Amino acid sequence: MTSGVAFLFPGQGSYVPGVFAGLGADAGRVATLVAEIDAAVEEFRLKPVRPLLFSPDAPALAELLESDHERLDVAILATSIALAELLESRHGMSPDHVAGHSLGEFGALAVAGVFTPGDAARAVCERHATLRKAPPPTGGMLAVKADAARAGELIAAARAGTSAVSALNSPSQTVISGAEADLVKVQQLAREEGIRTSRLHVPGPFHVPQLADASALYATTMRTIRISAPRERFFYSHGLGRFLTAQDDVVDLMVNDMTRPVRFHDSVRALNAEGVTTYVECGALDVLTRIVSGSLPRAVTLAPLREATTTPDLSARLRPAGTPAVNGVAAPAGPAPAAEVDPEVLAGVRAVCAEVLEYPLEVITDDADFQADLGVDSLAMTELQAHALQRFGLKETLQDADTGTYGTVSGLAAYITGLLSEGTGSVSGRR
């Protein structure tokens with residue numbers, strides 16, 4: 001087997017406001033692709049997604065989930081397709097395979113040649129249209145730090161009849177979808193048993209049998225979308241358990257995926273067996289590459305946009321000097337090294353996080369990601385930041401603080417360490 005590269009396309013929640021605001025030299029290239037997507041979604045009377053991607057003042061995730069989650073999904077799709085195109089055409093990084101997680105499958109199918117970017121957006125909008133006509137019960141999704149069997153036991157023990165396992169991400173991470181009351185029962189039981197959980201930033205439950213009516217409607221509307229044959233041995237389908245071929249019915253695949261769980265871990269294992277050693281996240285965050293790292297410790301994982309909001313010119317950042325090569329070209333850089341952190345500050349920040357989020361202290365690891373690992377939305381992040389700053393005598397700096405400058409526990413500790421080093425506050429006596 002030879003070394004291979006897989007592009008991974010994340011699903012709902014993988015959004016950063018103004019993720020392409022610092023794109024610099026490649027802004028025009030990406031804007032052209034986003035314009036094609038905006039032209040398509042105009043047919044569904046949606047506002048353009050370009051402002052969500054290019055404006056640093058774009059609405060946060062929580063706001064879009066509350067008021068405009070359909071446009072949010074299209075923005076996530078546009079981010080993924082644009083990054084994949086940019087990496088391939090501008091930086092010479094061509095994937096050997098692609099795979100998607102939930103909503104991310106639309107982006108992966110576009111890169112595989114099944115959809116044009118515009119038609120991928122139409123397919124997403126048609127799915128939303130069917131969900132409006134046949135809505136699921138009010139609820140959501142809950143990530144559980146356990147395997148699928150243990151997650152199933154929690155559902156049974158909680159007598160959560162509307163809930164079901166909806167994603168098998170890794171041997172230690174499973175997602176449960178269901179009605180709100182049932183998810184509350186499952187989460188409470190998990191806490192009592194010392195099992196870590198995190199609510200996901202999604203507008204409702206997905207990949208469960210309760211979406212059968214919606215999927216039946218989708219089977220009809222999807223037939224109006226133009227579909228082309230995929231590249232051979234390129235798009236790995238978790239639902240089929242193999243690579244998509246020209247003989248497969250893409251509509252049936254997408255319809256069935258609405259009611260069956262996402263088997264992402266199976267996709268990772270299959271790609272690994274194909275010789276893939278490098279996994280690139282085509283999204284705004286690093287949700288999928290974190291999962292891959294936990295499953296395949298020796299894999300190379302790259303998330304080019306993870307730190308995009310703090311980089312003046314993303315184009316320059318994608319190919320810095322001295323980075324390892326992939327397929328003979330420079331690979332995207334990982335996150336910039338964290339600033340030196342005062343150990344007492346880090347301990348204090350971990351304590352604040354445990355108190356505010358009501359998690360056991362051992363769950364608050366130094367590298368825990370606030371959004372992906374701890375389920376912290378923008379409102380909770382503001383509250384958490386305020387408590388942390390107050391603990392170190394920095395309450396007066398809250399108005400000027402920016403929650404977008406750090407994504408992890410150690411990142412927040414580094415930020416506070418920097419403020420303290422400037423003489424703004426004091427560590428002593430504030431443990």
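Mentor: Start with a definition. Buried means under 20% relative accessible area, exposed means over 50%, and partly exposed is in between (1.4 Å probe, protein chains only). The model is predicted: local features need pLDDT of at least 70, side-chain atom pairs count only at pLDDT 80 or more, and totals for chains, interfaces and linings use all residues. Residues are numbered from 1 along each chain as its sequence is written, and side-chain values use heavy atoms, with hydrogens and water left out.

Trainee: Why is Asp252 called partly exposed?

Mentor: Its relative accessibility is 39%. That value lies between the 20% and 50% limits, so partly exposed is the label. Arg223, at 48%, counts as partly exposed too.

Trainee: What makes Arg223 and Asp252 a salt bridge?

Mentor: A salt bridge needs a side-chain nitrogen of Lys or Arg within 4 Å of a carboxyl oxygen of Asp or Glu. Here the closest N and O atoms are 3.5 Å apart, so the pair qualifies. Arg223 is in the loop between helix H9 (212–221) and strand S7 (236–237), and Asp252 is in helix H10, so the bridge ties together parts 29 residues apart in sequence. Helices (H or I, at least four residues) and strands (E, at least two) are DSSP runs, numbered from the N terminus.

Trainee: How many salt bridges does the structure hold?

Mentor: 17. One of them joins Asp26 to Arg90, with the closest N and O atoms 2.7 Å apart. Asp26 is in the loop between S1 and H1, Arg90 is in helix H4 (residues 69–90), and 64 residues separate them. Asp26 is buried at 3%, whereas Arg90 is partly exposed at 36%.

Trainee: Which residues form a network of salt bridges?

Mentor: Glu43, Asp119, Arg122 and Arg226. Within that set, Arg122 and Asp119 bridge at 2.8 Å. Both are in helix H6 (residues 117–133), 3 residues apart, about one turn. Arg122 has 18% relative accessible area, so it is buried. Asp119, at 4%, is buried as well.

Trainee: What makes the pair Phe20 and Phe54 tilted?

Mentor: Rings of Phe, Tyr and Trp (its six-membered ring) pair if their centres lie within 6.5 Å; planes under 30 degrees apart are stacked, over 60 edge-to-face, and the rest tilted. Phe20 and Phe54 are 6.0 Å centre to centre, with 45° between the planes. Phe20 and Phe54 are both buried.

Trainee: Why is the pair Tyr236 and Phe243 called edge-to-face?

Mentor: The centres are 5.4 Å apart and the planes stand at 90°, so edge-to-face applies.

Trainee: How do you know that Arg50 lies over the face of Phe54?

Mentor: The rule asks for NZ of Lys or CZ of Arg within 6 Å of the ring centre and within 35 degrees of the ring normal. Arg50 is 4.9 Å from the ring centre of Phe54. Arg231 also has its charged end over a ring, that of Phe234, 3.7 Å from the centre.

Trainee: Why is strand S3 called largely enclosed?

Mentor: 6 of the 6 residues of S3 (residues 139–144) are buried, so the rest of the structure largely encloses the strand.

Trainee: What makes S3 a partner of S5?

Mentor: Two strands pair if DSSP finds at least two bridges between them. S3 and S5 (residues 173–179) share 6 and run antiparallel. Leu142 has Ile176 as its bridge partner in S5. S3 also has 3 bridges to S6 (residues 197–199), again antiparallel, and there Leu142 stands opposite Arg199.
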